[in-house]
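Here are my notes on the model you sent over, point by point. Have it open while you read.

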Amino acid sequence: MNKAGIICVALLAAIGFTVLPALAADVPVITLERVEVASLQPFYMAPKIAVPTKEDPKKTEDKAMSVGYSSTISLGYVLNIKNPGKEPVMLDELTFTTTFEGFETNTVTSYEDSWIPGGKTNQLRVLAVYEAHPTVLSLSVGSESAQKMQEMKITAPALVKKWWDQIDDFAFPVEVAHGTAVFKDAKGKDIRVSFSGKWGGKAEKK
């Protein structure tokens with residue numbers, strides 16, 4: 001390599017070491033501030049309801065088409081969204097999965113646009129609603145959940161009832177997992193970040 005080539009390589013290396021860390025430092029950071037109980041109904045699951053057919057009100061739909069009803073929980077996930085850069089960025093969309101004791105329980109998305117000035121931190125509350133009956137059914141899908149419940153020596157309805165009974169005190173860990181967010185800078189360029197967080201549980205509860 002001639003002298004000019006060596007100088008060029010040295011300059012590129014210098015730019016890489018000085019610019020790349022600065023860009024990484026400017027990427028927005030999302031952290032879980034806390035989880036709040038927005039609303040809570042005592043646990044119950046009612047039997048399936050027989051739905052009358054339109055053709056003959058005295059007859060009911062097939063059992064597979066019948067629906068039940070059960071209690072709900074609403075949780076508010078409060079996220080800190082920090083913009084460490086000098087220029088403002090806009091939060092375009094955000095999604096994450098919630099877990100109770102490591103079991104996936106919901107996936108929520110927020111599409112509200114929010115500008116974060118340079119060097120500032122905004123907060124965003126994302127509401128997630130859980131219903132007992134579908135939550136029990138979701139635990140019946142997949143061998144991983146079945147194995148975990150077997151190790152815990154608990155059934156799906158009993159586990160969900162425990163969550164409903166203990167969510168007020170966050171006696172078990174509630175986590176934000178697989179979080180992704182898309183920001184846009186002033187020129188419309190996408191900035192993608194990932195995030196996760198944990199709240200509750202005996203050891204981790206703040």
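1. Start with Asn-83. Setting aside residues up to four places away in sequence, Asn-83 touches Asp-26, Pro-88, Val-89, Ile-116, Pro-117, Gly-118, Gly-119 and Lys-120, where a contact means heavy atoms within 4.5 Å. You'll find Asn-83 in the loop between β2 and β3 (89-100); helices (H or I, at least four residues) and strands (E, at least two) are DSSP runs, numbered from the N terminus. Asn-83 is buried, at a relative accessible area of 1%. On that scale buried is under 20% relative accessible area, exposed is over 50%, and partly exposed is in between (1.4 Å probe, protein chains only).

2. Before going further, keep in mind that this is a predicted model: local features need pLDDT of at least 70, side-chain atom pairs count only at pLDDT 80 or more, and totals for chains, interfaces and linings use all residues. Residues are numbered from 1 along each chain as its sequence is written, and side-chain values use heavy atoms, with hydrogens and water left out.

3. What does the side chain of Asn-83 reach with its polar atoms? One such atom is 3.1 Å from the backbone nitrogen of Gly-85.

4. Three strands make an open sheet, ordered β1-β2-β6, with antiparallel pairing; two strands pair if DSSP finds at least two bridges between them. β1 (29-40) and β6 (121-131) are the edge strands, each with a single partner, so one side of each has no neighbour in the sheet. From one strand to the next the twist averages 20 degrees, using axes that are lines fitted to C-alpha atoms and angles that run from 0 to 180 degrees between N-to-C directions. Between β1 and β2 (residues 72-82), which run antiparallel, there are 10 bridges. To see one of these up close, look at Val-37, whose bridge partner in β2 is Leu-75.

5. Which residues touch the most other members of the largest nonpolar core? Of its 39 residues, the answer is Ile-30, Tyr-77, Leu-94, Phe-96, Trp-163 and Phe-183. A nonpolar core here is a set of buried Ala, Val, Leu, Ile, Met, Phe, Trp, Tyr and Cys residues joined through side-chain atoms within 4.5 Å. Take Leu-94: beyond its neighbours within four places in sequence, its contacts include Ile-30, Leu-79, Val-108, Leu-124, Val-126 and Phe-195. Thr-109, Ser-110, Thr-180 and Ala-181 are also in contact with Leu-94.

6. Two backbone angles to look at. Most residues other than glycine have a negative phi. Phe-170, though not a glycine, has a positive phi of about 50 degrees. Phe-170 sits in the loop between α4 (156-166) and β7 (173-184), and at 7% relative accessibility Phe-170 counts as buried. His-178 also has a positive phi, near 55 degrees, but His-178 is in strand β7 and is exposed, with a relative accessible area of 56%.

7. On to charges: there are six salt bridges, counted when a side-chain nitrogen of Lys or Arg is within 4 Å of a carboxyl oxygen of Asp or Glu. Lys-161 and Asp-165 form one, 2.7 Å from N to O. Both lie in helix α4, four residues apart, about one turn of the helix. Lys-161 is partly exposed at 38% relative accessibility, and Asp-165 is partly exposed at 47%.

8. Another salt bridge joins Glu-36 to Arg-34, with the closest N and O atoms 2.6 Å apart. Glu-36 is partly exposed at 25% relative accessible area, and Arg-34 is partly exposed at 27%. Arg-192 pairs with Asp-190 at 3.9 Å between the closest N and O atoms; Arg-192 is exposed at 63%, while Asp-190 is partly exposed at 36%. Shared partners link Arg-34, Glu-36 and Arg-125 into one network of salt bridges.

9. Last, Glu-144 in helix α3 (residues 143-152). Glu-144 counts as exposed, at 60% relative accessibility. Glu-144 and Phe-103 are 41 residues apart in sequence, and their C-alpha atoms are 9.2 Å apart in space.

Conventions
Polar contact = N/O pair within 3.5 Å; in protein donor to acceptor, adjacent residues only side chain to side chain.
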